[in-house]
Amino acid sequence: MALDTDDEILQDFLVEAEEILEGLNEQLVELENSPQDADLLNSIFRGFHTIKGGAGFLSLEAMVNLCHKSEDLFNLLRQGERFVDADMMDTFLKVLDILNTMFAEIKSGQYPSPADAEVIESLSAYLNNDSAPASAPEPEPEVVEEVTPPPASTESSSADAPADDEITDDEFEALLDQLHGNSAPGIKDSEKAPKEPPAPAASASSSSNSDDITEEEFEALLDELQGAKKAEAEKPVPPPAAPKAAPSPSTDKAAEPKAPTPKPAEKAASEKVEAKAAPAKQAADTSVRVDTSRLDEIMNMVGELVLVRNRISTLESSFENEEMAKAVNNLRVVTGDLQTAVMKTRMQPIKKVFGRFPRVVRDIARSLKKDIDLELRGEETDLDKNLVEALADPLVHLVRNAVDHGVEMPDVREAAGKPRQGKVVLSAAQEGDHILLTIADDGAGMNPETLRRKAVEKGMMDEDTAARLTESECFSLIFSPGFSMKQEISDISGRGVGMDVVKTSISKLNGVIDIQSEVGVGTTLSIKVPLTLAIMPTLMVMLGEQIFAFPLVNVNEIFHLDLSKTNVVDGQQTIMVRNKALPLFYLSKWLTKGRTDGKKPEIEHVVIVNVGTQRVGFVVDVLLGQEEVVIKPLGALLQGTHGFAGATITGDGRIALILDFPELMKVHANRGY
Amino acid sequence: MTVKVLIVDDSSFFRKRLAEIIATDPRLQVIATASNGEEAIREVQRHHPDVVTMDLEMPVMDGITAVRKIKTIRHTPVLMLSTWTTEGAKSTLDALEAGATDFLPKRFEDLSSDKIEAQRKLCQRIYQLASGFQASQSDIPANRATNSQTQVAAAKPEKSFNTTPELVAIGTSTGGPVALQKVLTQLPASFPCPILLIQHMPATFTPSFAERLNTQCAIRVKQAENGEHLVPGTAYLAPGGEQMLLKGRPNNLYLSIEPGDVKETYKPCVDLTFDSIAHICGSKTLAVILTGMGSDGRNGCESIKKKAGKIWAQDQQSSTIYGMPMAVAKAGLADKILDINEIGRQLAELS
């Protein structure tokens, strides 16, 4: 039997449940950092509970079953009867993945297929085993400091823990993560730990508070555990995970400063989520579901209206009628308001994209054995729905890069005098009519010299050219096709295709990307994109008799220039702007016909434009001014014409082509930007 | 009368569904919705709803806290919509203790396999809650009349009732969990006879409820088991979803737990248990009917009364819903009509 996807009840459910699911994604990752945050546990519990309720109403049994089990388990967690460990975390994340799959199935009109029996089983195992693990973690924290062998009773009680015979890679990784996570730098009190192999459980947990245990030692311990007491294989995990161990008063100073730091951030974050959730929910009550294509249609019509307004206000200036002027002014205001209002209906918080990053970062960090704290800022920033979707992939790529290439391994960091935990900050903010996104890491930064050398090695340029590159030009090299920063290629990033694609996608959104980096301090990537794709502020210019529109976001500055003061470098005409040589091009040579080069005036208008990460100067004939235009795609007849983002109708009823600078440069200047 | 309903649930999906269901009943009207306890309190102050449907798990302020606060602001019947699971039982009972009036399953399939029927039941319950609640609040003069009347009638058999009963049976429904708690907590551990408790409640709730009463009371309280012999000083709670019948002879009484007829409206049913009591030791039984919707227990009381057993009914003022006690009182069966605290006190005096 198929589901009726048009059913309003089902749609309601999907809308709400998806929101919750996104929240869960974030909250679960947060949970890993603060496994005992009662508010967080409660809110995750409620999330599963609400999805279950809705799914139950719609008789989506597979989903009910999965959520029900998870809900029950979180109920135990929030009542303190169980504690989260890395293994359980993995199970939760699996549950989340399955739920996502189920959603996809429901959306395509199918009843969700039952969840992986393995996951359900492991959930059930956690549920049924509540007595054994609940008793085990309690005594463990006590033996954390004194490295005495644990009482026999602890061992026997832990023997009935749900144990696989083998320690899987995941588990081992989890253990390692735990050790890294719980250990604070600079504590030197447990040299004893490795000396006490007969008490594996105790030494494993004691070393969790120290730094000095090496991986080899740890592995030795593991071997021992595996060989002697297979059933205990999983046991060492809960104690470090049981966060009581960290903030407990008996723990020494090393652990103390670590515990309070994440707390306020966590708190604030969860409060923010709560505060945000409330109004959103209320709004949902009065909301109507509208197809995005209808919104697009409305946006299009508003666009037309804007054009008509532009037209009328141009006409109006030729009448000298006060009444008329008033009416036109009114029209201008109302159209503007309407435009803003319609634009707002298409706005979505960037949270939709940001929400997936905690998980992404966690997963990569885990697979690379790095310790990374991701901070999200400005998640409430609204931008056009299409943009939100279009930005998702590039951002994922950049964040992966920051984690993979940017942040160093914990040991390296420590050696460089940095905290073991790396930090990646992802932020969004509205600046006027565009959005500024930044991805900043506190990693190793990029060395311009290395980049230069690499460029030469790859045969992208000769040494002289490379040497002439400015620092920021060097950084921009990473956006070149086939340029990879990492020596060896990992499966996470570093194939060199990514950054190139990222830049292209950002350019397609009329966006600008910029890199700043300092060796040893970190790298910051900033992306500027317009608020919306449908209506664009432009700078109108004339080339000959024809009007062209420059996307304003690209325009850097405009000035008059004495063309006799240009130089030719490498066969390229350049101008000096504040001691920087910029390439200069005559746009009319590219875009208009029948112009003779002879009668050039001495002073010309030059517009400096950001193309990708570069700045380029263009000579234009006349500057008309700023105008908001609606982008119309070029018709089928003009298919294959490169260098134009589209066309628009100007205030005086003429057609203006909107320039697409990255394309334009590629086609006419044979330069990739 | 149109019953004004306030819906409280953190899921907008559920709020919408509930509102849709409630809208199908012309007697009901949704006047507002709230997504958490705090909002609920604001809406109660602003709109004065006749009934509040309340979710348990909500952000900002949960259902139980909200119920407690609403009670201090304005006397409003609150219908808890909860999960009918063992876990749900605990929090639902907490909510009832906090002052919620009644509870229904959040999964409407638990109410009836037929969707339409389940929705009708939900609406009916909301309506009854509002009207029953208003009846127990407003009709004070009418209540007085019946009260004094029956009390006069009660004066006579009072004399003949000179020995302590050999069995106490208490039947109740809406409002019962709290009423039972008030009565049973007053009884001493040395209570001289066994007590049968018949509380309309789903099967998943009765074990938790029995356990809860057991920890709160001096007497022993347990869920009745099939074939169990009755012991003085112990209260046996009829398990939900089944019928509890008294079997055996005086001095050797035991319980039979049976699935009962599918058609029975109530599981457990007060009438069925009371009838079985009447056959065996009706004359030595004190039957008590506490707060509840409907009239279950009236026929059972009649049977017991015929065998010269004693009948007490809870009075109107202290009843959450004056339905079942009213049916007994109106039929002239009640030997005494008492305030809830008085019932506990007088029962305690029997020992």
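Two residues are taken to be in contact if their C-beta atoms, placed from the backbone, lie within 7 Å. In this predicted model, 71% of the contacts in chain A between residues at least 6 apart in sequence join residues at least 24 apart. Chain A holds 27 helices and 18 strands. Of its 673 residues, 38% are buried.

**Helix 2**

Helix 2 of chain A covers residues 38-57, 20 residues in total. Just after helix 2, Ser59(A) adopts a positive phi of about 55°.

**The loop at Ala444(A)**

Ala444(A) lies in the loop that connects strand 5 (434-441) to helix 22 (448-457) of chain A. The residue counts as buried because it has 22 C-beta neighbours inside 10 Å, where the cut-off is 20 or more. Once neighbours within four places in sequence are set aside, Ala444(A) is in contact with Glu408(A) and Gly520(A). Glu518(A) is 74 residues from Ala444(A) along the chain, yet their C-alpha atoms are separated by 7.9 Å.

The elements named above are listed here with their residue ranges.

| Element of chain A | Residues |
|---|---|
| Strand 5 | 434-441 |
| Helix 22 | 448-457 |

Definitions and conventions. Residues are numbered from 1 along each chain as its sequence is written. Chains are lettered from A and ligands numbered from 1 in the order in which they are written. This is a predicted model: local features need pLDDT of at least 70, side-chain atom pairs count only at pLDDT 80 or more; totals for chains, interfaces and linings use all residues. Helices (H or I, at least four residues) and strands (E, at least two) are DSSP runs, numbered from the N terminus. A residue is buried if 20 or more other C-beta atoms lie within 10 Å of its own, exposed if 12 or fewer, and partly exposed in between; C-beta atoms are placed from the backbone. The expected span of a helix is 1.5 Å times one less than its number of residues.
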